[in-house]
Amino acid sequence: MNEEDGLGLGASPLMLSSAPVTEAKMPLGERGGWDKSESRYCGVETEFNDDMPNLLSFNLSTGSFDFLVATLMDPTYRPSLMEKDSNGAHVLPFAGSDLVLSPSQWSSHVVGKISSWIDLDSEDETLRMDSEITLKQEIAWATHLSLQACLLPSPKGTSCANYARCVNQILQGLNNMQLWLRIPLVKADDDSVDSDQMIDSWELWNSFRLLCEHHSQLSVALNVLSSLPSANSLGRWFGEPVRAAIINTDLFEDFIVNILYLSLLGYSKISVNLAVLSDKCTWLPCLSRRHQKLITGFFNHSIQIVISGKIVHSLPGASSDSAANHTDAQRHPLRPYLDYVAYLYQKMDPLPEQERFELGYRDFLQSPLQPLMDNLEAQTYETFEKDCVKYIQYQRAISKALLDRVPDEEASSLTTVLMVVGAGRGPLVRASLQAAEETGRKLKVYAVEKNPNAVVTLHSLVKLESWENTVTIVSCDMRHWDAPEKADILVSELLGSFGDNELSPECLDGAQRFLKQDGISIPSSYTSFIQPVTASKLYNDVKSHKDVVHFETAYVVKVHSVAKLAPSQPVFTFTHPNFSTKKSNQRYKKLRFEIPSDTGSAIVHGFVGYFDAILYKDVHLGIEPSTATPNMFSWFAIFFPLRTPVCIQPGSCLEVQFWRCCGSTKVWYEWCVASPCPSPIHNSNGRSYWVGL
């Protein structure tokens, strides 16, 4: 759902034709006012009811749910059994006219549920034809109502080609409506299951999605079952377009708890509507720890929860009727389940300030910087300069280098020459001078910067801080500058998301000529890493451009809705200074990734890249997940897409090849998959994406 018009957003009191409905309560709450994710909204699955106004009123006002997943058509309807009138037509048995609710109510509070009996791959031709006709009629009605989504029933067997064909036809004509395909969350632990049984429901989804050409309006509603697959198997789904998770009431366990203990757990923070067994004890539903962890994962990925089923627990005085048929009671039978889900939502740890800042960048593709071809803008400088962690690490590295370079007995007499190449607006100059003050060493600094606009700021900074006797500003490209003396320490922040992708090797090779033979480079080395991922959203965003160029471009992205299929592996390493007589910045690497066998089948949409840098000795800086520097935001990951996603079978290997190529005017990457099935070599000769020298 759209964040602005999300189900349950209800900006004003809702008025129905027969009964008023109060404003939607957003029962899962808001965490600190910053959480705007769709997972705040919880829905309820209802049975067919031709009194839509009362159904909506009961579930939103009494139950405090945000939206309904409501059956649109009388489940007894079959086109082949309908008698036509004298004009050869008949009135379809929909759940009321479009006039019984306002357009905003239909759009904001109702997800259409397509008839569950349809089977488009049935051997019975009559059933198959009835199914196709009904599916198209119900989607047409949902479109007429301006619903934001419809829930499609699960495919009835492992073969779903005709179902997918029909859905794909529908998708071609849809405007903005999403189709949620209901998929049971099933993955058998072994292959000894009967061939007629479903072994891995992800494969069913993948077949359906491939037949529909990865259409961006086709997504998943996961039907969560009592038995959960392994953590690796579950992880695949977080890279898929999962929009909702359907939680049936039979997943919950009975739990009787002391009311005082309940308040300590945090239930006092929400509108509790539980069965009180006595003045000291109360009943509430509870999920297993694994289910709790899974639902928290859903919350973190903006996946909406839908409560389904009838009350199946020993709730005193409650009827076992479902939400659809319980419109006479004052108390909603499924409210305790909703309260429990709200409790899980509100007890999540708040996001750190850094991650709140990054929320708007999640899964948003950005073109990498071209630092040699383009001059950065003031806003870009300012963003990078706010990253205190990065400059603290640089200051630590410079301090260690100064202590190693100058013995204590020479601290007052020996001046160290330090050159900041790519000085920008001066943060590394400041870090260097603070390191000198901290260690009691004397320093002479050259600040070399090619951007004339940044040089203006540098001059102002030097004057403001009274650094005139210590800092010399050089307005020049470091590769072309003739330094008046050799440097003891060369400091730079030329690293990109992939380490070398902003041409740090080429720049530092050019600047190395004015570093002493025993001089120190900070950073001293850096290594790039990649790992294969399932990333449906990123893939569809690239695919939307409908050309090869965008599939052969690397993007900077704050990855979030991705499934990391294997641990990252190192790709290219560069070391500075490099005094080799045969040095080359071209690189080639072959990598082999082992996908854990309990993951099941998976699809690779591309590769996420990172870097790790050694600034000096034990001081490092990086974004590779296993060693990432905490609370640093200067770099997001980089994403290398695949034109055609690659399917990986359980326990099989993925062989990948990466090249870093250098020409006279540009540097570029090429990449491909060699196994299990070869892909084209992407970005051959830098035809689509390169970094200019």
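1. Quick term first: helices and strands here are DSSP runs, numbered from the N terminus. With that in hand, look for Phe364, which sits in the loop between α10 (353–358) and α11 (378–385). Keep in mind as you browse that this is a predicted model.

2. Now try helix α1, which spans residues 52–62. How many of its 11 residues are buried? The count is eight, so the helix is mostly covered, "buried" being under 20% relative accessible area. Among them are Met52, Leu55, Phe58 and Asn59. After α1 comes Ser64, and its phi is positive, near 65°.

3. Most residues other than glycine have a negative phi, and most peptide bonds are trans. Ser302 has a positive phi of about 55°, and you'll find it in the loop between α8 (289–300) and β13 (304–308). Ser302 is partly exposed, with a relative accessible area of 27%. Ser466 has a positive phi too, near 60°, and its place is the loop between α14 (452–465) and β16 (471–475). At 56% relative accessibility, Ser466 counts as exposed.

4. Two peptide bonds are worth a click as well. Which residues does the cis bond with an omega of about -5° join? They are His576 and Pro577, and Pro577 falls in the loop between β22 (569–575) and β23 (587–594). Another cis bond links Ser675 to Pro676, with omega at about 15°. Pro676 belongs to the loop between β28 (666–675) and β29 (691–692).

5. On to charges: the model has 26 salt bridges. One of them pairs Glu358 with Lys558, at 3.0 Å from N to O. The partners come from distant parts of the chain, 200 residues apart: Glu358 is in helix α10, while Lys558 is in the loop between β20 (555–557) and β21 (563–564). Their surroundings are worth checking too. Glu358 is buried at 2% relative accessibility, whereas Lys558 is partly exposed at 23%.

6. Next, look at Lys390 and Glu493, a salt bridge whose closest N and O atoms are 3.0 Å apart. Lys390 is in helix α12 (residues 388–405) and Glu493 is in the loop between β17 (487–492) and α15 (504–511), so this pair ties together parts 103 residues apart in sequence. Lys390 has a relative accessibility of 2%, so it counts as buried.

7. Arg405 lies in α12 and Asp518 in strand β18 (residues 515–522), so the bridge connects parts that are 113 residues apart in sequence. Asp518 is exposed, with a relative accessible area of 53%.

Conventions. Residues are numbered from 1 along each chain as its sequence is written. This is a predicted model: local features need pLDDT of at least 70, side-chain atom pairs count only at pLDDT 80 or more; totals for chains, interfaces and linings use all residues. Side-chain values use heavy atoms; hydrogens and water are left out. Helices (H or I, at least four residues) and strands (E, at least two) are DSSP runs, numbered from the N terminus. Buried means under 20% relative accessible area, exposed over 50%, partly exposed in between (1.4 Å probe, protein chains only). A salt bridge is a side-chain nitrogen of Lys or Arg within 4 Å of a carboxyl oxygen of Asp or Glu.
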